[in-house]
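Hello,

Here is the structure you were waiting for. Please load it first, then read my notes below.

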Amino acid sequence: MNFKILQDKLMNILRNKYFLGGTILLVVVLLTVILFFKNNILMNLASITKNPSFCDNIEDSIYRDTCYFNFALHEENSFVCDKMEKDLVKNLCRAIAKRDAILCGQVDQLEARDACYLNINRFKPDISICPRIENETDKDDCFSFIAKNKNDIVICENIKNDKTKENCKDNINE
């Protein structure tokens, strides 16, 4: 066998080794990326396919509950909330999914209850929700949203913070 043929075979082996090594490295990197983004991928699949069973495959309870919550919120499906682990989040999920301010009143934690009212107000604007909010900034935001939504400058008068009140009025006058 001449030296040139041996050299060519050796180069082919080395090229194939590098190709194989590069391919293995690429596969490992892709698998790592997929595993790293698995939760987000499953959450997106649940949303796109409108199938909450993708959430069931998420191992991390926070991501899984977030997946159920997002599904319930967008699909107005409160039954998915029952799959959540924590009662506080479960009750919040049910209230927002049903767009029911009365259920918000049953949420134990003050911040979560205020967030519940604010979220329902975004989907189903109702001025009677705003006075139920205890945090003044959130309450002002609620009135501001309603005023803008109804294009009613009089509603801005319910806002306590002067700067927020002026911004509300300016937004109506635009």
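**The core and what packs around it**

The largest nonpolar core has 40 residues, and L92, I96 and C116 touch the most other members of it. Seven elements are listed as giving two or more residues to this core: α2 (38–49), α3 (61–75), α4, α5 (101–104), α6, α7 (136–150) and α8 (162–173). The top contributor is α3, with six residues. Please bear in mind that this is a predicted model.

Setting aside residues up to four places away in sequence, I96 touches F69, L73, C116, N119, I120 and F123.

**Overall make-up**

The protein has eight helices and zero strands. Read from the N terminus, the order of elements is α-α-α-α-α-α-α-α. Of the 174 residues, 32% are buried. Take the contacts with a separation of 6 or more: 21% of them join residues 24 or more positions apart.

**α4 against α6**

Helix α4 covers residues 87–98, and helix α6 covers residues 110–123. They pack at an angle of about 20°, and their axes are 9 Å apart. That angle makes α4 roughly parallel to α6, since angles under 35 degrees count as such. The crossing of α4 and α6 is right-handed.

Which residues meet here? From α4 come L88, L92, A95 and I96. From α6 come A112, C116, N119, I120 and F123. By class, the contact of α4 with α6 holds eight nonpolar residues, one polar residue and no charged ones.

**α3 against α4**

α3 and α4 also have a packing angle of about 20°. Their axes lie 8 Å apart. α3 and α4 are therefore roughly parallel to each other. Their crossing is right-handed. On the α3 side, the contact is made by F69, A72 and L73. On the α4 side, it is made by L92, C93, I96 and A97. The contact of α3 with α4 has seven nonpolar residues, with no polar and no charged ones.

**A lysine to check**

K169 sits in helix α8. Is K169 buried or exposed? Its relative accessibility is 18%, so K169 counts as buried; the cut-off for buried is under 20%. Leaving out neighbours within four places in sequence, K169 is in contact with I153, C156 and E157.

Most residues other than glycine have a negative phi. Two residues here are worth a check on that score.

- K50 has a phi near 55°, a positive value in a residue other than glycine. K50 lies in the loop between α2 and α3. With 52% relative accessibility, K50 counts as exposed.
- E76 is not a glycine either, yet its phi is positive, at about 50°. E76 lies in the loop between α3 and α4. At 52% relative accessibility, E76 counts as exposed.

**Where to look**

For the core, start with L92, I96 and C116. For the backbone, go to K50 and E76. For the buried lysine, go to K169.

Best wishes

Note on methods:
Residues numbered from 1 in each chain as written. Predicted model: local features only at pLDDT ≥ 70, side-chain atom pairs only at ≥ 80, totals over all residues. Heavy atoms only, no water. Axes fitted to C-alpha atoms, helices over the stretch in contact; angles between N-to-C directions. Helix = DSSP H or I, 4+ residues; strand = E, 2+ residues; numbered from the N terminus. Parallel < 35°, antiparallel > 145°, perpendicular 65-115°, else oblique. Left-handed = near helix turned anticlockwise from the far one by under 90°. Contact = heavy atoms within 4.5 Å. Nonpolar A, V, L, I, M, F, W, Y, C, P; charged D, E, K, R; others polar. Core = buried A, V, L, I, M, F, W, Y, C linked by side-chain atoms within 4.5 Å. Buried < 20%, exposed > 50% of the residue type's maximum accessible area, 1.4 Å probe, protein only.
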